Structures are given as C-alpha cells and as structure tokens.
Amino acid sequence: MDDFCFSDTDYFSSTRSLPSFEGVGFLDNRLDRDTEHRTETCLDDNLAHKQAGLYLLSGDTLLLKETETGGRHQAIFSLEDAKALGADLDCAILLGTDPAEADAPRLAAPLTEDAVTRLEGEKGQASLELMSIRHVGLNGLLPPDQLGAVAQARSLLTWHANHVYCANCGSKTVVSLGGARRDCPSCSAMHFPRTDPAVIMLVLHRDEEGVERCLLAHHTRFSGPMYTTLAGYLEQGETIEAAVRREVFEESAIRVGAVRYMASQPWPFPSSLMIGCYAEALSTEITVDPTELTDARWFTRQDVRTLMSRHVGAEEPHIPGRFSIAAWLIGGWVEMGD
C-alpha cells in the first residue's frame, strides 16, 4: 500500500462513459435542501417569503396549470393561490430553496378532499387539472429538475401522512424542522423520513460461442405484454449484491455471480430508491415464481432491439418506456454491442 498512488489509475473512467440519463425520470432536483441548517421556525418563515412557491398534491397526482403557450405546465403556486385552491397548509412541508430562482423557497402541501372533489368536477372547464405524476413525467409536462422536486414532495408528504403517531408510544407526533423530522412530545422520540432501497437488475449471460443474452420477464402485475428486468427490495442486514442474487434466484431460479452497480433512480411510489445493476448469470435454466412472473426468457441484443422498436402499450411484446431505470439498463446493454 505504500506504493499506491491514486493518480496512477482512473477509477471513474467507466462512470464517465455511461449512456446518457436523458429521459430517465426523477433524477434531477435543483433544490438546495439545507436540512442541517433548518430551525423550528423555518416552515413559517419560508411560507411567509414573498417568493414562496408550493407544489400541491393528492396522493400520486399533482395539480398543474396549463400555460397559455401550451407545452410544459405550471406546477408551482403562490401561497395565496394555494389557500384559494384548498391546500391543507397545516400539513405543508419545506422542500428547500431554488438557487436558480434567487433562492426562492419551495414547499409542498396536500390538497383537502373537498378541494380534490371540486377540481375533479371542474375538469375540462378550467386550466387546472390533477394529473398522475407518472403521466407528467412520461409526457414531459414539467422540466426534469422540477420533476425531481415533485418526487421529493410526493415521498415526504406520504411519509408524514403515514407517521402521524409515534411508533414508540403511540402519541401524536408533530412536524419538526420544516418536515425533515417528526417529534413525539410525549416520549421525546424523533422520527426521520425513510427511503426503501430496492435492487433492479438486468441479468446477462454469454454462451460458449460468445453470444450474449439478457433475462427479461413479464410480471404478474402487468396487463399488457411488457417485458422488463427483475427487481425487489433489500432485506435487513443484506448487501446490494446479496439482494440481487437472492431476488433473481427466487423469481427465476437463475444463479448469479458477479454484480455490478450502474446507477440509481428515486421512485416516489411511495418512497423507494431503485439501485440499478448488471448481474452475471451462472446458470441459464429458468423456473419462474408464478406469484411474481408469468414468463421469463433469454433475449439476444437483436431480440431486444425488436422489443425496443415497439411503443409502450403495444399488443406485441415490448419493454418499458425510457422514463424508468429498467429501460436505461436494457438500452445501455444493447448499446454496448453496437
């Protein structure tokens, strides 16, 4: 180790040459969260700021205002507009400040049930509409760096809604540090938002003739003929590599050796981090878990190019849209052979 010199080897060259992430959802978020400097008054202080803007959500849907020019929509509302539209400001949280907008505060709040009912009744009659976050992302209705903030908002609001009571003593908790924490006044327990890590992997195999294939599966939750990667949540005390090997074997009976981390994607449904990997298959005989998959097959690059040529929703087998890290992993492998 005495002779080791970091500059002798570029350990990050492969990372710099990764395929473009353009089109992959939720990766960009330009907000400065500044969590470590928040105070007990930061929520009220930022709400009162004249440039404060709020994202308004209801579950997996986001309130958008159609712009006069069409194309991308507006998703940030002033405090005055948020009140008028029926935002539940008692449940508002601070996301951060926007350095591209003179550090204007950006917050999020859920809409009340009455507000949602009213907006749905006015659908098609006004410029306001509740749209699914997936639809917003897939159709490019917001700039990518705003979509990342929407993912942050969706995950945090869901966590707060599900953690009103203390897991330690059962007492009602209160929002602290602008939403970065919930505190229990009864037992002094502090509760922090959680993110659930999940592995998502493209399993690869090269046969004796040098032909490479990838493993794609049709999941039981799919209504159409879409084929994609395998995925699953990490369990307690488990490494990423072990989770990849376990999930692949459980779902397909394929044994995996080497695992290579590639990239990650926030997935706010409700609050996951998809850890994208390539996995080396040590066996090829497939036995699917019928509770998870209806089918799994090995595909050559040419096979996958055919799948990629079909649009999402086609009646013939296809892969997910480029919004997902699954499509990024699949497309990256295809490009490696070009």
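Colleague: What makes β9 and strand β10 (residues 212-219) a pair?

Modeller: Two strands pair if DSSP finds at least two bridges between them. In this predicted model, β9 and β10 have four bridges. Four meets that cut-off, so β9 and β10 count as paired. The pairing is antiparallel.

Colleague: Which residue stands opposite R213 of β10?

Modeller: H205 stands opposite R213.

Colleague: What is noted in the hairpin of β9 and β10?

Modeller: Five residues lie between the two strands of the hairpin. G210 takes a positive phi there, near 85°.

Colleague: How do you know that R213 and D207 form a salt bridge?

Modeller: The rule asks for a side-chain nitrogen of Lys or Arg within 4 Å of a carboxyl oxygen of Asp or Glu. For R213 and D207 the N to O distance is 3.0 Å. That is within 4 Å, so the pair counts as a salt bridge.

Colleague: What else does β9 pair with?

Modeller: Strand β13 (residues 272-281) is joined to β9 by nine bridges and runs parallel to it. D196 has S272 of β13 as its bridge partner. Strand β11 (residues 230-233) is joined to β9 by four bridges, in the antiparallel sense. There, V199 has G232 as its bridge partner.

Colleague: Why is strand β9 (residues 196-206) called mostly covered?

Modeller: Eight of its eleven residues are buried. Each of those eight falls under 20% relative accessible area, because that is what buried means.

Colleague: Why is C277 called buried?

Modeller: C277 lies in strand β13. Its relative accessible area is 0%. That is under 20%, so C277 is buried.

Colleague: Why are β6 (174-176) and β8 (190-191) said to stand at the edges?

Modeller: Three strands form an open sheet in the order β6-β7-β8, with antiparallel pairing. β6 and β8 each have a single partner strand, so one side of each is left without a neighbour in the sheet.

Colleague: What makes β7 (residues 181-183) and β8 a pair?

Modeller: Two bridges join β7 to β8. The rule asks for at least two, so β7 and β8 count as paired. In β8, H191 is the bridge partner of R182.

Colleague: What makes D103 part of a negative surface patch?

Modeller: Asp and Glu count as negative. Patch residues need over 30% relative accessible area and no salt bridge, and like charges are joined within 9 Å. D103 has 45% relative accessibility, so D103 passes the area cut-off. The patch is formed by D32, D34, E36 and D103.

Colleague: What is noted about the phi of D103?

Modeller: D103 has a positive phi near 60°, in a residue other than glycine. D103 sits in the loop between β3 (93-98) and β4 (104-110).

Colleague: What about the phi of A253?

Modeller: The phi of A253 is near 70°, again positive in a residue other than glycine. A253 lies in the loop between α7 (240-252) and β12. Its relative accessible area is 26%, so A253 counts as partly exposed.

Colleague: What joins F269 and P270?

Modeller: A cis peptide bond joins F269 and P270, with omega about 5°. P270 lies in the loop between β12 (256-267) and β13.

Colleague: How many salt bridges does the rule give?

Modeller: The count is 16. One of them joins R297 and D295, with the closest N and O atoms 2.6 Å apart. R297 has 40% relative accessibility, so R297 is partly exposed.

Colleague: How do you know that R310 and E316 form a salt bridge?

Modeller: The N to O distance is 3.6 Å. That is within 4 Å, so R310 and E316 count as a salt bridge. R310 is partly exposed at 24% relative accessibility. E316 is partly exposed at 45%.

Colleague: Which residues do salt bridges join into one network?

Modeller: E235, E238, R246, E247 and E250, through salt bridges that share partners.

Key:
Residues numbered from 1 in each chain as written. Predicted model: local features only at pLDDT ≥ 70, side-chain atom pairs only at ≥ 80, totals over all residues. Heavy atoms only, no water. Patch = residues over 30% accessible without salt bridge, like charges linked within 9 Å, V, L, I, M, F, W, Y side chains within 5 Å. Areas by Shrake-Rupley, 256 points an atom, 1.4 Å probe, with all protein chains shown as cover. Charge placed at Lys NZ, Arg CZ, Asp CG, Glu CD. Buried < 20%, exposed > 50% of the residue type's maximum accessible area, 1.4 Å probe, protein only.
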